[in-house]
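Me: Can you walk me through how this fold is put together? I'd like to start with what counts as a contact.

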Amino acid sequence: MNRSEAKEKHIVRNPWFAQGEPQDRPGVRLFCLPHAGGSAAVYREWRDLAPAPVQVHPLEIPGRGGRWGEPPVTDLVFLAGLLADALAEYLDRPYALFGHSMGGLLAFELARTLRGRGLPRPEHLFVSGAQAPELPRTRRPIHAAPEADVIDELRRLGGTPAGILDDAGLMELFLPTLRADYAMLETYHYRDRPPLAVPMTVLGGDADPVVEKERLHLWRRHTDAPSRLVVLPGDHFFLFPEVADVMAAVAAALVPAAPDAVPGPQRGVA
């Protein structure tokens with residue numbers, strides 16, 4: 001049995017793709033990365049909201065969702081390398097990267113990793129709710145803090161349901177992945193490199209307590225291509241209540257790229 005036949009029989013599954021691997025059809029593939037503690041499920045509605053040419057593919061990183069049993073990664077640049085390995089064969093069509101908060105920084109490092117390997121560059125990079133990579137973190141480190149301090153920080157940030165924060169059993173399950181994600185952020189060291197040749201959209205919330213909207217423009221130095229800044233109402237997790245406007249920004253950037261999609265070699269689809 002070859003690889004395509006195995007996929008059709010659901011014998012081989014790619015764990016990075018929570019909603020199935022990309023299909024061989026024209027359009028723009030949008031690979032989405034979650035915030036700290038999040039999973040591919042944060043983008044579960046996006047396929048229904050995206051315009052027809054945009055194919056949404058939430059990526060599941062180890063230690064969450066369908067990969068709950070895998071040890072989480074604690075080094076962000078290393079994770080970018082794993083993602084580059086996973087995506088390499090799916091870059092034969094126009095594609096874009098989207099990440100929120102931790103996912104925004106991860107998407108940026110993934111774009112740089114792909115460039116370093118000589119792989120096709122994205123049509124667009126979307127960085128949402130993330131400060132420019134060269135800026136130092138000013139919030140207290142929590143990846144090794146006592147559980148009570150971690151929970152207090154999550155309450156201040158919002159985005160985590162109170163039912164989870166107040167449930168000791170759920171938090172016991174949730175904390176290892178969350179600590180690993182914060183370790184990625186809190187041990188990350190920016191390396192100066194030439195700007196990307198990739199158009200960029202930077203999104204932020206006007207009341208974000210983590211990322212100052214006045215400093216979002218600093219992302220512009222990381223691309224030689226056109227960039228756009230979109231500030232929406234909301235806190236650090238503006239992404240959820242303002243999803244319609246976020247998707248409008250995605251569509252504005254990607255729909256013009258869709259006509260250039262050219263059918264390539266056929267692959268089996270899970």
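Reply: Contact means heavy atoms within 4.5 Å. This is a predicted model, with local features needing pLDDT of at least 70 and side-chain atom pairs counted only at pLDDT 80 or more, while totals for chains, interfaces and linings use all residues. Residues are numbered from 1 along each chain as its sequence is written, and side-chain values use heavy atoms, leaving out hydrogens and water.

Me: Which residues does F31 touch, leaving aside those up to four places away in sequence?

Reply: Sequence neighbours up to four places off are skipped here. What remains is F17, P22, H57, L59, L87, Y90, L91, Y95, A96, L97 and F98.

Me: Which residues touch the most other members of the largest nonpolar core?

Reply: A nonpolar core is a set of buried Ala, Val, Leu, Ile, Met, Phe, Trp, Tyr and Cys residues joined through side-chain atoms within 4.5 Å; buried is under 20% relative accessible area, exposed over 50%, partly exposed in between (1.4 Å probe, protein chains only). The largest one has 52 residues, and the top members by that count are F31, L83 and L125.

Me: Why is strand β3 largely enclosed by the rest of the structure?

Reply: Strands (E, at least two residues) and helices (H or I, at least four) are DSSP runs numbered from the N terminus. On β3, Y95, L97 and G99 cover one side and A96, F98 and H100 the other. It is largely enclosed because the number of its six residues (95-100) that are buried is six.

Me: Which residue of β4 stands opposite G99?

Reply: Strands pair if DSSP finds at least two bridges between them. β3 and β4 (residues 124-128) pair in parallel over five bridges, and the residue facing G99 is V127.
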